[in-house]
Protein chains: 2
Amino acid sequence: MTNRRQLKLGAVLLGVGGPGQHNTWLDPEIPGDASVDIRWYIARAQEAEAAKFDHVFIVDSQFITPNSPNHYLNRLEPLTLLSAVAVHTTHIGLVGTLTTSYNDPFNVARRLASLDLISGGRAGWNVVATGDGGTAGNYGRAEHYDYATRYGRALEHVLVVQGLWDSYEDDAFPRDKERGVFFDPSKQHPLNHVGEHFSVVGPLNIQRSPQGRPVIFQAGDSDEGRDLGASIAEAIFTHAQTIEQGQAFANDIRARAAAKGRDPENVLIVPGISLVIADTDAKARDKERALRGSKDFDRALRELGRPFGWHDFTRYDLDAPFPDVGDAGDRSFRTQAERIKKLARDNGYTLRQVVQHTLDSWRSPFVGSPLTVANEIQRWFEAGAFDGVNVTVNAPSEFARFTDGVLPILRERGVVRREYEASTLRGNLGLPVPENAHTAKRLIGASR
Amino acid sequence: MTNRRQLKLGAVLLGVGGPGQHNTWLDPEIPGDASVDIRWYIARAQEAEAAKFDHVFIVDSQFITPNSPNHYLNRLEPLTLLSAVAVHTTHIGLVGTLTTSYNDPFNVARRLASLDLISGGRAGWNVVATGDGGTAGNYGRAEHYDYATRYGRALEHVLVVQGLWDSYEDDAFPRDKERGVFFDPSKQHPLNHVGEHFSVVGPLNIQRSPQGRPVIFQAGDSDEGRDLGASIAEAIFTHAQTIEQGQAFANDIRARAAAKGRDPENVLIVPGISLVIADTDAKARDKERALRGSKDFDRALRELGRPFGWHDFTRYDLDAPFPDVGDAGDRSFRTQAERIKKLARDNGYTLRQVVQHTLDSWRSPFVGSPLTVANEIQRWFEAGAFDGVNVTVNAPSEFARFTDGVLPILRERGVVRREYEASTLRGNLGLPVPENAHTAKRLIGASR
């Protein structure tokens, strides 16, 4: 098992750049079709593996408009992508986003178990409740699930999937050629789940995977989102602009997890961060200014519509007070929409000021020379603001500034690993292998 | 484009053996966990590619009972599997089974388009309407769809998926770094489909794939199944015990396709066949007898229940007339169940005789020395009984008897290819690249 107090490292592979990264694809190092080129993902994953990262991370979206960020417009499906990466890597974890809103638990369970078997125990599932309200239209629904239903479904979905992963005890397949015994039916267990959102009989059609259960990642900052994370997440993808915010989030999640009877140490906080690294601090600040200058105001204005169900903000006067958009957003990214409305209200912002604030909020707190960035990451880590970071990977040479510049400093100080401790994601993250529910039940029964 | 009159070759990769192949897993060459070992599939696919096969083929099932065949009990999800195979092969097609009964068209469309992009144009979709009635319970339904609904859904599902594959015209992503144009929104098209079974707005979140649309495979012998195949299939997986059966099936499908306004040449007939090859005809016949002798009567009796919704036949007297099972099977593999009932009725068979007949019906018509088998395959092919064959792959040394013994003879005669003609499955099968519906529409409009 790993040293639990070493910094966890994830690499978010975005191809041509995600929300707010309007011009990333213009980088000469990034092929315009990076988001649909499997060789791009395999090469970046191999680089992250060489730097002993814990995992690569693939985001997702299933609702597209002409205004969608480049990366969402045209992308590979996360698990199809990760399965190809699995067979060209050996140690790095493979975390894919699959929504609980528009997937059947049976399909999710078998696909993730398959990835876990193919990768020898490196699969992770980033559990999301779909935010884009328009997604409903791609799945035969007139309207997206309301907020409470979305989170109710998410929790029940994960519990069903985990139940299906326990369909077979570890020794259900003796495959004893001498005795002619392939399978022991007494170690196969149907689920017989009947719940508010799902009914699933089971059993699954795949053995228990090398990790017992793939690692559960989750994101979500609302009260409901935090509660879901505290209930089921083993790693939480969040964001943090300051150490204090990070600490408060980590403390809140750990308290919620403890209140649910979980060991709070088994919930890792791993925010997504972007880095701006140059040879000197001054050069890094220049670079950060140039990056900010290249942001595209018009596209940020259009993207502002996303949390509000792709509300069209281009029709308003930019210099009038932030418009009243009614309940737009109630069935989309509600927390984010509420936060923007509050920001405008509290500060009396115009629409232009809100967009500008959004552009500014994409600023990274990790700007500087390799030494400065290493020091800052260590400071946050030691202050308990996070257990690890998910680093956004764009141009390979920029990623190399982190792997070859920052990481050696942290490695020297014992903050990050020198070698993988395990060949599974769970092993490297220092998370326990969950016991099969059926075996556990029998053990409890026997000890009475 | 390929010579259309060369024999097409598919390899059905079953791991530890499919229905009726009870003891395949005992073969010392086959690891007991072959069905969940990605290295097994990659190695077999590479062997098939070295022999210039058109494609590998992965079957599927989502309903499990303790009596399920070994291969179904514990298996990798087909597309997760094929994505891993894609990045360790370069020319061979990758055909995966996905049911239209329990998958959303949006998810199917993006997963197959992703596989097509990852493989550089080698994806195929084996379209099925789920037969196992019990599958319903794994997807929150009290009862499986009735027969007509199942086939109505299948047809509409495929049309929706194909519509989604046309969401972007081929030049929708200029990715012109000099002009700063990533995307041309005028070449993105929502689907806005509202049908009896599905409503899907679109557009898809992935560009048109290298084949335009992945190749559609289909199986199904009922009237509804043949009609579906004639409507949408580009290759039909069937079975044939005699040349005459094969010819009749091929003629029927081609007539139905022509009646639907399709070019019948664009529907390939590729039955699954098993081969028994030895150095001499006499040795091959001995081998076939030994294989038959190793069949497991008790497990065949249990598997007989599958088409009847896993009806339990073990509770009947084996030597009494075939039991009246009422409407068991109406919501499962109806055609197969009806055929078995008719067989028993027409011949006055007991249950034991029906099981024995099933065991016998697994006999291969392709038994003999490499020369005999090559002659027989050529005879069927030239008689129009099939356009190609899907060969079941079990032990590698047996597969080598086909690739190294039979194929060189057929290659010498010009019946099979020496080299791949193309790097896409469509190209190698000699199937045309479908035009994007939106581009076609505009061309028709312009010519008026």
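Predicted model: local features only at pLDDT ≥ 70, side-chain atom pairs only at ≥ 80, totals over all residues.

Student: Which residue of chain A has its C-alpha nearest the axis?
Tutor: The axis in question is the one for the 180 degrees rotation that puts chain A on chain B. In chain A, the nearest C-alpha lies 2.2 Å from the axis, and it belongs to Ala84(A).

Student: Do the copies meet through the same surface or different ones, and what share of the interface residues of chain A tells us?
Tutor: In contact are 67 residues of chain A and 67 residues of chain B. The copies meet through the same surface, because the share of chain A's interface residues that are also interface residues in chain B is 100%.

Student: How much area do chain A and chain B bury between them?
Tutor: Carbon and sulfur atoms carry 58% of it. On the chain A side, Trp25(A), Lys177(A) and Phe182(A) lose the most area, together 13% of what that side buries. The total for the two chains is about 5400 Å².

Student: Which element gives the largest share of the side of chain A that touches chain B?
Tutor: There are 36 residue pairs in polar contact across the interface. Elements giving two or more residues to chain A's side include helix 1 (38-50), helix 3 (78-86) and helix 4 (105-118). The largest share is 8 residues, from helix 4 of chain A.

Student: Asp60(B) forms a salt bridge with Arg75(B); which residue of chain A does Asp60(B) also meet in a salt bridge?
Tutor: Within chain B, the closest N and O atoms of Asp60(B) and Arg75(B) are 2.9 Å apart. Asp60(B) is buried at 12% relative accessible area, since buried means under 20%. Across the interface there are 2 salt bridges. One has an N to O distance of 2.8 Å and pairs Asp60(B) with Arg110(A).

Student: How many residues apart are Lys342(A) and Asp346(A) in their helix?
Tutor: Their side chains meet in a salt bridge at 2.6 Å, N to O. Lys342(A) is partly exposed, with 45% relative accessibility. Both residues lie in helix 10 (residues 334-347) of chain A, about one turn of the helix from each other, which is 4 residues apart.

How values were computed: Residues numbered from 1 in each chain as written. Chains lettered and ligands numbered in written order. Heavy atoms only, no water. Salt bridge = Lys/Arg side-chain N within 4 Å of Asp/Glu carboxyl O. Buried < 20%, exposed > 50% of the residue type's maximum accessible area, 1.4 Å probe, protein only. Least-squares fit on C-alpha atoms with pLDDT ≥ 70 in both. Contact = heavy atoms within 4.5 Å. Buried area = accessible area lost by both parts, 1.4 Å probe. Polar contact = N/O pair within 3.5 Å; in protein donor to acceptor, adjacent residues only side chain to side chain.
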